[in-house]
Amino acid sequence: MQIGMIGLGRMGENMARRLLKGRHKVVVYDRAADKVKEMVKYGAKGASSLEEMVSMLAAPRAIWIMVPAGKPVDDTIDALKGLLRRGDLIIDGGNSHYKDDLRREKELKPLGLNYMDVGVSGGIWGLKEGYCLMIGGDSRLFRRLEPVLKTLAPNREGYMYCGTVSAGHFVKMVHNGIEYGMMAAYGEGFALIKASPHSEGLDFSRLARLWNQGSVIRSWLLELIEDAFRKDGDLSGLEGYVEDSGEGRWTVEEAVEAGVPMPVIATSLFQRFASRGLADFSNRLQAAMRQEFGGHAVKKRR
């Protein structure tokens, strides 16, 4: 296929490179001109503007957007509205909220423009291993885009048509919520071992590798844990600040709206908030209350 790729960050660049390896014709654009020049070295055609990108693509066009969720996606789509023609297709492969997909499709439909959402998982390893793809949109558009999806995915089971517009990002949102809970569970388990007398002389990297040999908690995350401990045995080079990209929050919000109990994922999200020091004041106040009502000892800050 011929396809345009807007956004050459860590994900967008590697996805474009994988498509080029699959012998697709890729036209790329990024606000950073040096990123475009780099992709030209791999065989892509570089565009210096969205106007030039659109002119380099044959109708009906397919343009894949890989920019941060929210306003950057809306701004990009707004800019494309006046450049594309009826029958052209816009694909948002970023981490957008599924409700934004519904709004965007509604805005694009009267213009004769098609819209699809694709949840993408695979991170920086996707170039080599392939990407897990969750697709939402019209089934006819899915079939039209399928050659690209086959190339991006690790195998025929690595991509899935999930339903109408917003289904792909909805499933990806829940995927990331589950990821939050799994990461928190691994973190708590290793922390308990670290706090015990049995941590003396225990190689955490080897332990992570052991657990991946047939145990019920084996996973790719555990492989990454093994790599992390191999690089830094006690993780002393890192701060315990854990960011969240949005999907965890959206998953918990959706659970509240649907009345679905989700204690593990919700707690893992709040624990990320706590990691940023935002809970310090709350903890200090609790210590002060214990001192006031019970005369309990408190530790003074240095």
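Is Met289 buried, exposed or partly exposed? I looked it up: Met289 is partly exposed, at 44% relative accessibility. The cut-offs I used are under 20% relative accessible area for buried, over 50% for exposed and partly exposed in between, with a 1.4 Å probe and protein chains only.

**Ground rules.** I am working on a predicted model, where local features need pLDDT of at least 70, side-chain atom pairs count only at pLDDT 80 or more, and totals for chains, interfaces and linings use all residues. Residues are numbered from 1 along each chain as its sequence is written, and side-chain values use heavy atoms, with hydrogens and water left out.

**Entry: the patch around Met289.** I placed Met289 in helix α13 (residues 280–294). Helices here are DSSP runs of H or I with at least four residues, strands are runs of E with at least two, and both are numbered from the N terminus. Met289 belongs to a nonpolar surface patch with Phe281, Leu285 and Phe293. Together the four have about 480 Å² of accessible area. That area comes from the Shrake-Rupley method with a 1.4 Å probe, and for residues only the protein chains shown count as cover. Patch members need over 30% relative accessible area and no salt bridge; like charges are joined within 9 Å, nonpolar side chains (Val, Leu, Ile, Met, Phe, Trp, Tyr) within 5 Å.

**Entry: the sheet.** I traced an open sheet of eight strands with mixed pairing, in the order β3-β2-β1-β4-β5-β6-β7-β8. Strands pair if DSSP finds at least two bridges between them. β3 (45–46) and β8 stand at the edges with a single partner strand each, so one side of each has no neighbour in the sheet. Strand β1 (residues 2–6) runs parallel to strand β4 (residues 62–65), joined by three bridges. Ile6 has Ile65 in β4 as its bridge partner.

**Entry: rings.** I searched the whole structure and got eight aromatic pairs. In one, Phe142 and Tyr159 have ring centres 6.2 Å apart and planes at 45°, so the pair is tilted. Phe142 is in helix α7 (residues 139–152) and Tyr159 in strand β8 (residues 159–163), so the pair ties together parts 17 residues apart in sequence. Phe142 is buried at 11%, and Tyr159 is buried at 11%. Rings of Phe, Tyr and Trp (its six-membered ring) pair with centres within 6.5 Å; planes under 30 degrees apart are stacked, over 60 edge-to-face, the rest tilted. I also noted an aromatic cluster of Phe190, Phe204, Trp211 and Phe229.

Next came charges over rings. The charged end of Arg17 sits over the ring of Tyr42, 4.2 Å from its centre. Arg272 has its charged end over the ring of Tyr180, 3.6 Å from the centre. The test is NZ of Lys or CZ of Arg within 6 Å of the ring centre and within 35 degrees of the ring normal.

**Entry: salt bridges.** How many salt bridges does a search of the whole structure find? I got 19. Each needs a side-chain nitrogen of Lys or Arg within 4 Å of a carboxyl oxygen of Asp or Glu. Asp88 pairs with Arg61, with the closest N and O atoms 2.9 Å apart. Asp88 lies in the loop between α4 and β5 (89–92) and Arg61 in the loop between α3 (50–56) and β4, so the pair ties together parts 27 residues apart in sequence. Asp88 is buried at 1%; Arg61 is buried at 14%.
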